[in-house]
Each structure stands twice: as C-alpha cells, then as structure tokens.
Amino acid sequence: MEMVRDITKETKTMIESELRKGTSNSRIANLLGVSYDQALEVVDAIKESIRPEIGDEIKFTFRKQEMVGVIRKLLTNSAVVEIYWDLSSGAMKDICEDKTIVNFKDIEEFVKVD
C-alpha cells in the first residue's frame, strides 16, 4: 500500500479519467510504469473515491447479475441508471424497469459502449 499513499493529484485525475473511458487495468499499469499488481492497488483505492458523473456508462451487479447502463441522475450515494438491455442479464428484465437505482459501491467498472 506504499504506492497508494504516494499518488499525486495529477495521477489520481489521470486514473479517474482513464477509468471513465473504460481503460483496462493493464493499460493503466503501463501508463503509470508500474507492475499490474501495483496498478490494481492504486486503481482499487481510486475507485473507492470516485463519484460518478451523469452520462458515465457503467457495469454493475444487481442481484448477482451483471448489468450495464448509463447514469442519468446522481443521488447522494447512488445513481439512477438507464439499463442497456442488450448488454445486461435478460433474467432481470422481468423484475427491473428500464431505469433502476444503483449504489455507488455496486459499480464494478466504467465502460465505453459504442
């Protein structure tokens, strides 16, 4: 965790930006010039502090099912997410509306959907 304490503001901003773009952890390790394991520590620490933004596309877990969607509204510790059904678990379609509330802690990663 030594590396995590030494993160500069510029590095944190860069990693947050890369995570929002859906950049892989291995690419972030390359950008930082550190090992994959060191990069994972840094990425995990920064993910904890990221507050998503409206328009961010995210992968999240809902009732142990993988889901993908776009943030439409921010709340205190959660967001209203419009679900991308073509990229999400079809098993959830019967119990979810087209929009759902996702806790920030349930966001697994930021993705870029074309």
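This report describes the fold, helix packing and sheet of a predicted protein model.

## Basis of the model

Local features are given where pLDDT is at least 70 and side-chain atom pairs at pLDDT 80 or more, whereas totals for chains, interfaces and linings use all residues. Residues are numbered from 1 along each chain as its sequence is written, and side-chain values use heavy atoms, with hydrogens and water left out.

## Overall fold

The protein has 4 helices and 5 strands, arranged along the sequence as α-α-α-α-β-β-β-β-β. Helices (H or I, at least four residues) and strands (E, at least two) are DSSP runs, numbered from the N terminus.

The C-alpha atoms fill a box of roughly 45 × 25 × 25 Å along the principal axes. Of the 114 residues, 39% count as buried; buried means under 20% relative accessible area, exposed over 50%, and partly exposed in between, with a 1.4 Å probe and protein chains only. Among contacts (heavy atoms within 4.5 Å) between residues at least 6 apart in sequence, 47% join residues at least 24 apart.

## Helix packing

Two packed helices are described by the angle between their axes and the distance between the axes. Here the axes are lines fitted to C-alpha atoms, for helices over the stretch in contact, and angles run from 0 to 180 degrees between N-to-C directions. Angles under 35 degrees count as roughly parallel, over 145 as roughly antiparallel, 65 to 115 as roughly perpendicular and the rest as oblique.

The axes of α2 (residues 9-21) and α3 (residues 25-32) come within 11 Å and cross at roughly 155°, so α2 is roughly antiparallel to α3. This crossing of α2 and α3 is right-handed, meaning that the near helix is turned clockwise from the far one by less than a right angle. On the α2 side the contact involves Thr11, Met14, Ile15, Glu18 and Leu19, which meet Ile28, Leu31 and Leu32 of α3. By class, the contact of α2 with α3 has 6 nonpolar, 1 polar and 1 charged residues. Ala, Val, Leu, Ile, Met, Phe, Trp, Tyr, Cys and Pro count as nonpolar, Asp, Glu, Lys and Arg as charged, and the others, Gly among them, as polar.

Helix α3 also packs on α4 (residues 36-49): their axes come within 9 Å and cross at roughly 100°, which makes α3 roughly perpendicular to α4. Asn25, Ser26, Ile28, Ala29 and Leu32 of α3 make this contact with Tyr36, Ala39, Leu40, Val42 and Val43 of α4. The residues of the α3 and α4 contact are 8 nonpolar and 2 polar, with no charged ones.

## Sheet

The 5 strands form an open sheet in the order β4-β3-β2-β1-β5, with antiparallel pairing. Strands pair if DSSP finds at least two bridges between them. At the edges are β4 (99-103) and β5 (107-111), each pairing on one side only. From one strand to the next the twist averages 45°.

Strand β1 (residues 57-62) pairs with β5 over 4 bridges in the antiparallel sense. In this pairing Glu57 stands opposite Val111, and Ile58 opposite Phe110. β1 also pairs with β2, antiparallel and over 6 bridges, with Phe62 opposite Gln65. β1 and β2 form a hairpin with 2 residues between them, and Arg63 in the turn has a positive phi of about 50°.

## Arg72

Arg72 is found in β2 (residues 65-74). At 40% relative accessibility, Arg72 counts as partly exposed. Not counting residues up to four places away in sequence, Arg72 touches Ile54, Val80 and Glu82.
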